[in-house]
Amino acid sequence: MQSRWNPLMSNGAVALGPLVMREFDQLFRDLPVRPSGSREFAPAADIYETAEGITLQVDLPGHDAKSIEVKVENDTLTLKSERKRPESQKDEGTRRLERNFGVFTRSFVLPRTVDASRVEARYENGVLTLSLPRREETKPRVIEVKVNG
């Protein structure tokens, strides 16, 4: 009878090896993907630029609008929020956690063209939308050509 060589098994463990490996595999299949405690994460963001300014959209499903903090300091826009895991889901029967829970902080350096004093934020259907208008002096303008004569 021929057997396959397995570099993980020592000479005396060949008969016991496959059973131990199966139990080891089963242990990892039964564990949740992530620890159940809070952790930091960075949600997805889309940035659009037009002649009027910049629009920033950040996915924040399940966040309480009152817990979302938007701060502009110098040339940096900082977003901070927390999505808490519902108390009803904090039980010993958790098998898998794929949704993110915890605190997130994300910062964006603003270009000089943005008027930081006029930044507006709204939260609707789990999406935070920030309007970052251009400074008036940086907006494109059409200059009339005068004809002499």
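Analyst: Strands (E, at least two residues) are DSSP runs, numbered from the N terminus, and two strands pair if DSSP finds at least two bridges between them. This is a predicted model, in which local features need pLDDT of at least 70 and side-chain atom pairs count only at pLDDT 80 or more, while totals for chains, interfaces and linings use all residues. Residues are numbered from 1 along each chain as its sequence is written, and side-chain values use heavy atoms, with hydrogens and water left out.

User: In what order do the 3 strands form the open sheet?

Analyst: Strands of a sheet pair through backbone hydrogen bonds, either parallel or antiparallel. Here the order is E3-E4-E5, with antiparallel pairing. Strands E3 (69-73) and E5 (102-109) stand at the edges with a single partner strand each, so one side of each lacks a neighbour in the sheet.

User: Over how many bridges do E4 and E5 pair?

Analyst: Strand E4 (residues 76-83) pairs with E5 over 8 bridges. Ser 81 lies in E4, and its bridge partner in E5 is Phe 104.

User: Is Ser 81 buried or exposed?

Analyst: Buried means under 20% relative accessible area, exposed over 50%, and partly exposed in between (1.4 Å probe, protein chains only). Ser 81 has 2% relative accessibility and counts as buried.

User: Which residues is Ser 81 in contact with, leaving aside its neighbours within four places in sequence?

Analyst: Contact means heavy atoms within 4.5 Å. Ser 81 is in contact with His 63, Ser 67, Ile 68, Gly 102, Val 103 and Phe 104, leaving aside those neighbours.

Definitions and conventions: Helices (H or I, at least four residues) and strands (E, at least two) are DSSP runs, numbered from the N terminus.
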